[in-house]
Amino acid sequence: MEKQHFTRYRFIDTRTGDLIRYMSINDRLDDHTDRLKKMQSQIFNEIKIPVAAIVYELAEPAS
């Protein structure tokens with residue numbers, strides 16, 4: 001079985017600098033930005049942080 005590789009992102013609350021959560025996306029998928037934007041909306045729905053205050057960035061590599 002072929003080993004799968006993932007890119008790890010983290011979501012941060014820009015108002016406080018707090019880490020909200022990590023998300024790993026399979027490198028075979030080419031819609032990372034769309035998936036990250038959907039997660040921003042999901043975070044808003046779960047914990048009511050304004051979407052504009054949620055940023056995502058690359059975290060350390062995951063595999």
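This report covers the fold, packing, surface and charges of a predicted model.

## Basis

The model is predicted: local features need pLDDT of at least 70, side-chain atom pairs count only at pLDDT 80 or more, and totals for chains, interfaces and linings use all residues. Numbering starts from 1 along each chain as its sequence is written, and side-chain values use heavy atoms, with hydrogens and water left out.

## Fold

The protein has 1 helix and 3 strands. Their order from the N terminus is β-β-α-β. Helices (H or I, at least four residues) and strands (E, at least two) are DSSP runs, numbered from the N terminus. Along the principal axes, the C-alpha atoms fill a box of roughly 40 × 20 × 15 Å.

## Hairpin

Strands E1 (residues 6-13) and E2 (residues 19-26) pair in the antiparallel sense over 7 bridges. Pairing requires at least two DSSP bridges between two strands. Thr7 has Ile25 in E2 as its bridge partner.

E1 and E2 form a hairpin, with 5 residues between them. Gly17 sits in the turn and has a positive phi of about 80°.

## Packing and surface

Of the 63 residues, 27% count as buried (under 20% relative accessible area, 1.4 Å probe, protein chains only). Among contacts (heavy atoms within 4.5 Å) with a separation of 6 or more, 46% join residues 24 or more positions apart.

The protein exposes about 4400 Å², by the Shrake-Rupley method with a 1.4 Å probe. Carbon and sulfur atoms supply 50% of that area.

## Charge

There are 10 positive and 10 negative side chains. Lys and Arg count as positive, Asp and Glu as negative; His and the chain ends are not counted. The centres of the two sets lie 3 Å apart, with charges placed at NZ of Lys, CZ of Arg, CG of Asp or CD of Glu.

Conventions: Buried means under 20% relative accessible area, exposed over 50%, partly exposed in between (1.4 Å probe, protein chains only).
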